[in-house]
Amino acid sequence: MEARRALADEATLAALDFSAIVERVERASQTERGREYARALLPQTDILVIRVEQARTAALRRALVERDFYVAAAIDPEPLADAAAAGRTLAGSELRGVADALTAAAGAARILRETGEASLQPILALHGELKELVGSLREAIDERGELLDRASPALGRIRRSIASAQNEARERVGAILRSSRFENAIQERVVTLREGRYVVPIKAEFSGEFPGIVHDTSGSGQTLFVEPLDALDANNRVRTARIAEQREIERILAELSHAVGAQRDRITANIEFLARVDLLAAKARVALSMDACEPEISEICELSIDAGRHPLLGERAVAQTFALDEADRMLVISGPNMGGKTVALKLAGLFTAMAYAGLQLPAGAATRVGSFTRIIADIGDAQSIANDASTFSAHLARLRSMLESADDRTLVLVDEIGGGTEPAAGAALARAAMEHFLARGTRAILTTHSTELKLFAHAAPGVQNASVRFDPESFRPTYQLDIGAPGQSLAFSLARTMGLPAATIERAQSLLESQERDYESALAQLAQRSAELESERAMLAGERAAFESGRASLEAQRRALLAERERFLQRADEALATRLREFAAELARNASESSARVRVTPGQTRALSRAADALRGELGPSEPSEVALTEQGAFEPDAIVFVRSLRQEARVVEDYGERVQVAIGALRSIVARGDLERRPGSKRKVERSTAAAKLESASRSSGELDVRGKRFVEAEPLVERWLDDAALSGLAELRLIHGKGSGLLGRGLQQYLREHPAVASLRYGNADEGGGGVTIVTLHL
């Protein structure tokens, strides 16, 4: 607790509205213990701990976004586990609550383990699987906390006997109602229950005529609820079975409670895991709602806020950018009231406290929060009638605490320093305090209206002036912070806007000393020039953003075109390889009747080249036909046409008018005339390229390679080229002759072949294939 108090006291956290952030985290929590931890959330001071908490919040945020992670609502079952361990039998609803909480913990652990986030491993170590316990609880108890029939075989049998006896009792009572014997005595033909027994509503005047036992009367006394004697036995069986059912339920609940008590320690650890994950998930959900980012936590004493938005202002927040570091240790913000000075002051303190509590900040990615050991704030009116303390005396008490404890790791935040008393004395006191903070190396942000303090900030090293910006024409606040320039009072301008008499304003201006008027005039000119420069900067930033956007769009288009080109070339190579394999396979089939080795002849190469030319035309940019097919008349036999649906060339066999028979190799098919395109001849230029290389490979390809007498380093490149040529030629089975010898060459080449992507399988040759001196290689087709 001491480490927690060291960063900020209750007054400082209250002044920074830290409790409002805590309430958001609490509302985002899903478990009872998670909400307790959220309510107790305070800033840490150990930089290593803070970095770990920030990393864990970021990890949970990624899990929420990328894995749809969530924490199911759950009770805190630790008190129930303690009670069960002490021997108390838990109710069914309590046991089901324990099961649901453990199920929520198991689900969260499963997803977080899948993320592999290193920062979460210590928390995951708390979780231990309790599958058997959870399974028995959920198997026995439903969502309403009622025991299910399957909770035990005995309970199932008892409930079936109850249902049977109830049906019998209901049927006997129903038969009496339907009987004409007691028609006049029955008040209403409805079977009802009294004290768990089926009864008949009988008119009071017929009580002596109806055989049975009276269990109840109506409010008017006109109706008696009588259990017929015929149903007595069935009702007694129902009652007896109910007693047995209750005993079995009590036995089951006691048994399950004992199982829960036996696992008390592991249940406690699991719920501790779930609560800590729930708190982290709540922080992550708050970060997502604020569009926040993870700040950099540095070890030097600095605070750099990049486009920070106050988290409690929502859509109304205006981004602020400012910094405190070794060069600028103090920031003095001035300007009219209602301009945003206090918001900027609170933003600095609240961001530091949030970052130290493991919360992400609604700011830019360049935001850095350094190492502070204490934050002290004096913001707002702290006067107390009960303690006889004025506003000024309350500020003095707070200032004394700052002067006593501030050091080079302290962040001091003071609103209207030196205010609440005579201006000159207040300014002198404030300047003395500022000099003390500078001497101690303290980081401080102060607000003021004092001209003396603005001048001191301008002249003192390590101090920066800042001002809240107002529209120079309407004098309305823009809530933006300008660093480097002190703020105007705008008292007279605002007085005119509010409609004060002109004579009063002119008289007030004349009462000012000339030096003061010159100072205000210079500030006005400076503010106007600053506003113009900021407008130009914003315009240039917009133009630069538009330029970057256009450049990014052009780059995206260029990459898309390159990707499309690559896909086109890949399709072309794949199609060409397919044609080559088909052609080589056809050659192999034609040569299967001969014992000669299969090779691609020069004539076949020319034929395949023509096929490749056609294929390139097929894959290239299409050219419009000169004459539509409907205007070309009938197709001549053996005419070459292109079948669009098959994306292949074919030979016309016979023209039937609307249908045409075509041949693609040995395959014949009848297609629609509209699916054909006449190919009078190639009009494209085909360059020697990849296709030519593949044809050369096909020409020299062979199903057999002899590397006997070579070393492995000599044989390997030969085998590599041999495999490439064979793959391009579509050969499926190859014969590699390496000889037996010492076996080193064969084993080395087989190891190489096993790792080759083109090889599907390999084996030593059979006796008639060369035995152990030959390896038979099968390629992927």
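Q: Which residues is Ser 334 in contact with, apart from its neighbours within four places in sequence?
A: In this predicted model, Ser 334 is in contact with Lys 341, Thr 448, Lys 454, Ala 466, Ser 467, Val 468, Pro 486 and Gly 487, leaving those neighbours aside.

Q: And where does Ser 334 sit?
A: Ser 334 belongs to strand 8, which covers residues 330–334.

Q: Is Ser 334 buried or exposed?
A: Buried: the relative accessible area of Ser 334 is 0%, and the cut-off for buried is under 20%.

Q: Lys 341 was on that list. Which helix has residue 341 in its range?
A: That would be helix 13, residues 341–356.

Q: What span should helix 13 have, and how far apart are its ends?
A: Helix 13 has 16 residues, and at 1.5 Å a residue they should span 22 Å. The end C-alpha atoms of helix 13 are 23 Å apart, which agrees.

Q: Which residues other than glycine have a positive phi?
A: Asp 68 is one of them, with phi near 55°. Asp 291 is another example, with a positive phi of about 55°.

Q: Why point those out?
A: Because most residues other than glycine have a negative phi.

Q: Where are Asp 68 and Asp 291?
A: Both are in loops. Asp 68 lies between helix 5 (47–66) and helix 6 (78–85), while Asp 291 lies between helix 12 and strand 5 (296–297).

Q: Buried or exposed, those two?
A: Asp 68 counts as exposed at 62% relative accessibility, and Asp 291 counts as exposed at 56%. The cut-off for exposed is over 50%.

Q: You mentioned helix 12. How does helix 12 pack with helix 7?
A: Helix 7 (residues 92–115) and helix 12 (residues 264–290) pack at an angle of about 60°, and their axes are 9 Å apart. That makes helix 7 oblique to helix 12.

Q: Left-handed or right-handed crossing?
A: Helix 7 and helix 12 cross in a left-handed way.

Q: Which residues make the contact?
A: From helix 7, they are Val 98, Ala 101, Leu 102, Ala 104, Ala 105, Ala 108, Ala 109 and Leu 112. Helix 12 brings Ile 267, Asn 270, Ile 271, Phe 273, Leu 274 and Val 277.

Q: New topic: Thr 321. Where is it?
A: Thr 321 lies in strand 7, residues 320–324. With 46% relative accessibility, Thr 321 counts as partly exposed.

Q: What does Thr 321 touch?
A: Apart from its neighbours within four places in sequence, Thr 321 is in contact with Ile 305, Asp 306, Ala 307 and Ile 483.

Q: How far is Thr 321 from Ser 304?
A: Their C-alpha atoms are separated by 7.7 Å, and the two residues are 17 residues apart along the chain.

Q: Let's zoom out. How many helices and strands are there?
A: The protein chain has 23 helices and 23 strands. Of its 781 residues, 42% count as buried.

Technical notes
Residues are numbered from 1 along each chain as its sequence is written. This is a predicted model: local features need pLDDT of at least 70, side-chain atom pairs count only at pLDDT 80 or more; totals for chains, interfaces and linings use all residues. Side-chain values use heavy atoms; hydrogens and water are left out. Helices (H or I, at least four residues) and strands (E, at least two) are DSSP runs, numbered from the N terminus. The expected span of a helix is 1.5 Å times one less than its number of residues. Buried means under 20% relative accessible area, exposed over 50%, partly exposed in between (1.4 Å probe, protein chains only). Axes are lines fitted to C-alpha atoms, for helices over the stretch in contact, and angles run from 0 to 180 degrees between N-to-C directions. Angles under 35 degrees count as roughly parallel, over 145 as roughly antiparallel, 65 to 115 as roughly perpendicular and the rest as oblique. A crossing is left-handed if the near helix is turned anticlockwise from the far one by less than a right angle, and right-handed if clockwise. Contact means heavy atoms within 4.5 Å.
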